[in-house]
Amino acid sequence: MVGKIQNRETFIRQLSSRLQRISTPVHVERPQWRYSPQNKTLQNLSQDELLVTLQKQCTRINTNCVVTSSADLAMTLEKVIDDYDGGPIMTWQDERFDAYGLTELFSDTLPKKQIELHTWDPTIGRDNIALVEKANIGITISDITLAESGTAVLFSNPHHGRTVSFLPTKSIILIPKSSIVPRMTQAAIQIRERLQNGETLASCVNFISGPSNSADIEMILVVGVHGPIYMTYIIIDDL
């Protein structure tokens, strides 16, 4: 993210003074930890083994997990949409849908079945919210996927409204197998590398681990508290 930090030096000088330091530090010495389990967990697994780990985790987080090929993706997505009782559907404005071969499904097949599909349009502003509030299904794409926790990482931007993943009752997330990493550690490394390369990152990064749920009250699990009740990950095996 490109931005301007204000009053940083003043803040650091005041903090250093309170810590009774003689001078204000100008850089941070990272500690050399003796053990780093966060880097070693699941580190030697192949992409196929990470997929198996993700599938097992999905059984624990009430998430339907479907594996398909890019050639069968449109058919698989259509079946999941039918199983979820159709539209209205809200999607991101994302050229990857075209690259994944979903253009005909979105522009021809679904309209012929009288299934409404709306694409997030940044030019209409908050009218997108009214559309996504009424949507039965939201369809998004995972940018990074954590095998250990079954978490999809979504980067929002003007074309990727963050409400698409949590306002509809049902959520479908497309997951390229290549996006699967062991755990949060590797996702954080990727995000930091993008920052160091000068990329403009999303102001909102969503970590989604299955449908919304809570067990805060007497340890009784309630699904759909703040977001979708039903969640399906469609993993594209050859992407």
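**Before starting**

The structure is a predicted model, in which local features need pLDDT of at least 70, side-chain atom pairs count only at pLDDT 80 or more, and totals for chains, interfaces and linings use all residues. Residues are numbered from 1 along each chain as its sequence is written, and side-chain values use heavy atoms, with hydrogens and water left out.

**The whole chain**

Display the protein chain as a cartoon. The chain holds eight helices and 12 strands; these are DSSP runs, numbered from the N terminus, with helices (H or I) of at least four residues and strands (E) of at least two. Along the principal axes, the C-alpha atoms fill a box of roughly 75 × 45 × 45 Å. Of the 239 residues, 39% count as buried (under 20% relative accessible area, with exposed over 50% and partly exposed in between, for a 1.4 Å probe and protein chains only). Among contacts (heavy atoms within 4.5 Å) between residues at least 6 apart in sequence, 79% join residues at least 24 apart.

**Gln57**

Select helix H3 (residues 47-60), where Gln57 is found. Gln57 has a relative accessible area of 14% and is therefore buried. Apart from residues up to four places away in sequence, Gln57 touches Ala147, Glu148, Ser149 and Gly150. Next, draw a distance from Gln57 to Thr163: their C-alpha atoms are separated by 24 Å, and the two residues are 106 residues apart along the chain.

**Ser165**

Move to the loop between strand S6 (151-155) and strand S7 (170-176), which contains Ser165. Because its relative accessibility is 5%, Ser165 counts as buried. Its side chain reaches the backbone oxygen of Arg162 at 3.1 Å. Beyond its neighbours within four places in sequence, Ser165 is in contact with Thr140, Leu154, Ser171, Ile208 and Pro228.

**Helix H8**

Select helix H8 (184-196). Its 13 residues should span 18 Å at 1.5 Å a residue, and the end C-alpha atoms are 18 Å apart, so the two values agree. The expected span is 1.5 Å times one less than the number of residues. Colour Thr185, Gln186, Ala187 and Ile191, the buried residues of H8. These residues pack against H2, strand S5 (144-146), S6 and strand S8 (180-181). After H8 comes Gly198, whose phi is positive, near 80°.

**The two pockets**

Rolling a probe the size of a water molecule over the atoms shows where empty space is left. On a 1 Å grid over the protein atoms alone, a pocket is an open set of points where a 1.4 Å probe fits, with protein on both sides within 12 Å along at least five of seven lines; lining residues have an atom within 4 Å of a point. A volume is the space filled by probe spheres set on the points, which are joined across faces, edges and corners.

Select Phe155, Ser156, Asn157, Pro158 and His160, which lie nearest the centre of the largest pocket, among its 20 lining residues. This pocket has a volume of about 280 Å³.

Finally, select Arg30, Pro31, Trp33, Gln38, Asn39, Thr185, Ile189 and Arg192, which line the second largest pocket. Its volume is about 230 Å³. Helix H2 (37-40) and H8 each supply at least two lining residues, and H8 gives the largest share, three residues.

Terms used
Polar contact = N/O pair within 3.5 Å; in protein donor to acceptor, adjacent residues only side chain to side chain.
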